[in-house]
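User: I would like a close look at one part of this structure. Please keep it brisk and connect it to what lies around it.

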There are 2 protein chains.
Amino acid sequence: MKAIRVGLLGIGTVGGGVWSVLTRNAGEIARRAGRPIAIVAVADRNLERARAVVGEQALADGVRLTEDAFSVVNDPTIDIVVELIGGYTVAKELVLAAIAAGKHVVTANKALLAVHGAEIFAAAQEKGVMVAFEAAVAGGIPIIKALREGLAANRIEWVAGIINGTTNYILTQMDQRGLSFDGALQEAQALGYAEADPTFDIEGIDAAHKATLLASLAFGVPIQFDKAYVEGITRIDARDVAHAEALGYRIKLLGIAKRREQGFELRVHPTLIPKDHLLASVSGAMNAVLVKGDAVGQTLYYGAGAGSEPTASAVIADLVDVTRLHTADPENRVPHLAFQPDQVQDVAALPIAQCRSCYYLRLNVADRPGVLAEIAHVLAKESVSIAALVQKEPIAEQAELVLLTHETEEQAVDAAIAGITALPFVVGSVTKLRVEHLT
Amino acid sequence: MKAIRVGLLGIGTVGGGVWSVLTRNAGEIARRAGRPIAIVAVADRNLERARAVVGEQALADGVRLTEDAFSVVNDPTIDIVVELIGGYTVAKELVLAAIAAGKHVVTANKALLAVHGAEIFAAAQEKGVMVAFEAAVAGGIPIIKALREGLAANRIEWVAGIINGTTNYILTQMDQRGLSFDGALQEAQALGYAEADPTFDIEGIDAAHKATLLASLAFGVPIQFDKAYVEGITRIDARDVAHAEALGYRIKLLGIAKRREQGFELRVHPTLIPKDHLLASVSGAMNAVLVKGDAVGQTLYYGAGAGSEPTASAVIADLVDVTRLHTADPENRVPHLAFQPDQVQDVAALPIAQCRSCYYLRLNVADRPGVLAEIAHVLAKESVSIAALVQKEPIAEQAELVLLTHETEEQAVDAAIAGITALPFVVGSVTKLRVEHLT
């Protein structure tokens with residue numbers, strides 16, 4: 001059968017991986033897809049780099065290199081455009097132009113979809129083309145496919161994932177080797193696990209882009225990144241890592257989407273999870289997503305969440321999917337966001353104040369009698385119930401107090417913290433972290 | 001849109017789960033599938049049981065109950081037949097009759113597919129209908145979909161899975177509580193994790209059925225259950241569990257499919273795996289499958305491998321898949337076994353003698369000088385190299401010896417065992433288990 005003709009926009013780390021894997025496994029992939037999948041044009045700002053990856057033989061065989069990505073998007077001989085440029089601006093124009101030109105699109109761009117997904121998927125629907133984005137969440141792990149198809153029988157109750165490798169690498173080093181956040185970040189940068197400007201990763205924004213997409217796939221709700229609660233790991237203290245460990249927990253940056261009666265929770269933040277939970281064993285730059293469905297119970301998906309070939313694996317799986325399915329009647333294709341577009345329910349993400357969790361609180365108090373009773377009193381007033389409490393030996397007449405609460409609404413715990421902070425014997429501020437048992 | 005009409009054959013544990021979940025989540029499922037999916041006929045030998053599950057309201061609404069499964073298969077108003085009868089005989093006739101009648105089939109029957117899959121898939125291909133079987137391997141975990149679609153970019157190197165919950169439950173109890181095999185089996189039976197006749201599970205046959213299917217999906221080779229090497233867990237001694245633990249390993253019944261230059265390995269047997277490996281943490285009746293792809297690296301899929309609703313989750317995911325995709329041109333559908341039927345390569349499973357593994361050997365020797373040297377000599381003669389050796393304090397002038405080998409071909413280790421057994425100071429037979437590091 002005739003080859004599927006692919007135009008590749010961007011041949012950096014992931015694009016280079018796509019080129020390599022598609023070339024190396026051409027035979028295996030064609031055996032699966034029913035026809036060859038061939039990259040016939042590559043657009044990149046750096047033609048020298050592109051030329052080095054593609055190689056002279058492929059160029060002699062007719063692969064076209066260009067700096068002009070729009071010429072690829074508008075090339076009438078191309079069936080699928082792969083967008084690996086990243087960012088919101090040019091990438092958006094290119095994806096919309098590709099759709100307008102009637103081409104199917106494969107992208108790894110979570111930022112673009114989390115912010116402009118509604119517009120992009122609507123355009124694709126209108127035009128009858130597919131937009132596939134397995135590589136946008138958790139790299140090579142086929143979690144989009146699992147949520148969209150494999151778990152389609154279930155009412156999804158929640159999704160919780162370690163979906164940013166950089167922060168998991170940093171937290172793992174803090175936990176296993178007692179490093180400070182700054183020390184672990186510097187090491188991650190030296191090893192290439194963190195970028196020179198790590199803001200997107202360490203502030204939780206990248207994880208929030210991904211959690212936003214997972215929430216839409218799980219619940220059939222609109223994409224609403226602007227409503228996500230986002231808290232990064234920059235304020236995690238080595239003391240909190242050690243206290244968590246002693247209490248039987250490990251701190252992970254989780255992306256959480258949880259169904260609630262009044263809406264759904266969409267939040268990214270450092271989270272204490274039980275040490276003996278499978279998710280707590282996910283270390284280094286690895287990713288894992290845990291999904292709770294009402295019929296299947298918990299299922300977990302684990303693997304490399306980033307990197308050249310793992311991400312390329314997901315991009316190419318999408319190419320095979322599009323190749324296999326693009327001839328189907330658009331009405332009967334798998335919907336982009338798992339639910340039929342006219343069946344998306346206009347349910348809103350809840351503000352963080354209305355989210356429910358257990359909490360870890362750490363504070364310093366003057367070492368004198370009656371302190372615990374007064375703190376317990378403030379918590380009780382807000383109906384926050386204490387699950388565990390550890391008081392450390394006082395140093396210089398100050399004692400460090402760590403307590404875990406049972407599940408409560410965030411605004412209750414915030415009110416209690418305000419009350420506790422106002423107590424005369426409390427020194428400095430109260431550190432608050434969330435605790436999830438994932439059952 | 002018009003409902004998809006389903007005929008259900010067998011409404012026992014899994015069939016009852018399919019009925020419940022499809023009823024309970026009807027809205028959610030229709031929002032995904034684009035149309036309602038309705039069971040319109042149920043065949044079961046036990047009409048009373050069927051009536052109790054289905055309920056009077058559904059019967060009043062027109063759901064048909066019958067003892068005659070063939071009347072469902074031949075009902076011209078039915079689009080998809082779900083086969084949950086099990087076994088090789090009637091189930092095979094029914095599935096082939098459904099295909100002949102132009103119906104799509106969803107089945108959870110691994111035994112049927114592992115033994116008669118070639119014939120069934122060929123008939124479906126000929127007739128242009130889909131046969132979906134996500135529920136046949138690892139219950140609710142969408143591992144078939146992951147291998148067939150999600151990892152389609154990869155040359156799969158190997159698959160290793162805990163794919164039988166009964167044996168994993170028994171081995172977990174032996175490991176965590178020091179139970180004997182018989183004690184753990186009795187408990188598993190009392191708790192419903194093992195059947196009254198547990199042969200299929202504890203002898204590894206069920207796992208071998210599943211591993212056979214995984215191998216075909218991973219490598220694009222014919223289904224060849226008859227060539228699988230199958231060894232159950234009945235001879236696992238509590239001593240071996242304890243020795244393994246002390247050496248840093250845990251014993252799991254693994255189904256393994258591994259690509260080799262001369263063919264592929266297809267084997268099910270108790271296996272020592274490193275305690276700190278994620279797969280070693282899979283306890284109780286849970287399942288997990290680890291897949292190594294050349295591009296993506298290792299990915300893991302974890303969840304409930306059996307039970308009413310987890311298995312129903314997979315059956316219904318297949319119903320949604322068929323609903324979404326059955327209008328596609330059959331040539332462009334996802335192939336049943338991941339590879340296009342004309343692209344299946346006639347590669348054979350290797351005999352166990354040619355498989356490669358590391359080994360655990362346990363033996364008793366008379367406590368006298370020179371014993372270790374002579375054993376080491378026999379191993380060296382067969383080029384089997386020793387990775388670790390533990391000699392226990394002698395009791396009654398006999399010492400127990402445990403050794404781990406580096407990777408070698410099974411026939412070499414078997415020759416060495418024959419040589420060792422013939423040594424005059426070796427008492428009784430040599431216990432052999434395989435060790436996999438899963439890297």
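Which backbone nitrogen lies 3.4 Å from a polar atom of the side chain of A:S216?

Analyst: The backbone nitrogen of A:I223 does. Keep in mind that this is a predicted model.

Start with A:S216 itself. The residue sits in helix α12 of chain A, which spans residues 205–219. A:S216 is buried, because its relative accessible area is 1%, and the cut-off for buried is under 20%. A polar atom of the A:S216 side chain lies 3.4 Å from the backbone nitrogen of A:I223. The backbone oxygen of A:P222 is also 3.4 Å from a polar atom of that side chain.

Side chains of opposite charge can pair when their charged atoms come close.

B:Q224 is found between α12 (205–219) and β8 (229–230) of chain B. B:Q224 counts as buried because its relative accessibility is 6%. Its side chain reaches the backbone oxygen of B:P222 at 3.1 Å. A polar atom of the B:Q224 side chain also lies 3.1 Å from the backbone nitrogen of B:A349. B:A349 is one of the residues that B:Q224 touches beyond four places in sequence.

A:E195 is found in the loop between α10 (181–190) and α11 (199–202). An unreviewed UniProt entry carries a "binding site" annotation that covers A:E195. A:E195 is exposed, because its relative accessible area is 55% and the exposed class begins over 50%. Leaving aside neighbours within four places in sequence, A:E195 is in contact with A:Q189 and A:D201.

Next, the interface between the chains. 65 residues of chain A are in contact with 65 residues of chain B. The two chains bury about 5,200 Å² between them, with 52% of it on carbon and sulfur atoms. In chain A, A:R31, A:R32 and A:R324 lose the most area to chain B. Together they account for 17% of what that side buries.

Polar pairing is part of this interface too. Between chain A and chain B there are 32 residue pairs in polar contact, both residues at pLDDT 80 or more. Helix α12 of chain A, the helix of A:S216, is among the elements that each supply at least two residues of the side touching chain B. The others are α1 (13–24), α2 (26–33), α8 (143–150), β12 (297–304) and α14 (308–325). Of the elements in chain A, α14 gives the most to that side, with 10 residues. By residue class, the side of chain A that touches chain B divides into 31 nonpolar, 17 polar and 17 charged.

Six salt bridges run between chain A and chain B. One of them joins B:E149 to A:K145, with the closest N and O atoms 2.6 Å apart. Another pairs A:E149 with B:K145, again at 2.6 Å, N to O. This pair crosses from helix α8 of chain A to helix α8 of chain B. A:E149 is buried because its relative accessible area is 3%. B:K145 counts as buried because its relative accessibility is 4%.

One last pair lies within chain B. The side chains of B:K432 and B:D414 meet in a salt bridge of 2.7 Å, N to O. B:K432 lies in strand β17 (residues 426–435) and B:D414 in helix α16 (residues 410–421), so the pair ties together parts that are 18 residues apart in sequence. B:D414 counts as partly exposed because its relative accessibility is 32%. As for shared partners, salt bridges join A:K145, A:R148, A:E149, A:D321, B:K145, B:R148, B:E149 and B:D321 into one network.

Note on methods: Residues are numbered from 1 along each chain as its sequence is written. Chains are lettered from A and ligands numbered from 1 in the order in which they are written. This is a predicted model: local features need pLDDT of at least 70, side-chain atom pairs count only at pLDDT 80 or more; totals for chains, interfaces and linings use all residues. Side-chain values use heavy atoms; hydrogens and water are left out. Helices (H or I, at least four residues) and strands (E, at least two) are DSSP runs, numbered from the N terminus. Buried means under 20% relative accessible area, exposed over 50%, partly exposed in between (1.4 Å probe, protein chains only). A polar contact is a pair of N or O atoms within 3.5 Å; within protein, one must be able to donate a hydrogen and the other to accept it, and residues adjacent in sequence count only if both atoms are side-chain atoms. UniProt positions are given in the numbering used here, feature names are shortened, and annotations may be inferred rather than shown by experiment. Contact means heavy atoms within 4.5 Å. Buried area is the accessible area (1.4 Å probe) that two parts lose on being put together, summed over both. A salt bridge is a side-chain nitrogen of Lys or Arg within 4 Å of a carboxyl oxygen of Asp or Glu. Ala, Val, Leu, Ile, Met, Phe, Trp, Tyr, Cys and Pro count as nonpolar, Asp, Glu, Lys and Arg as charged, and the others, Gly among them, as polar.
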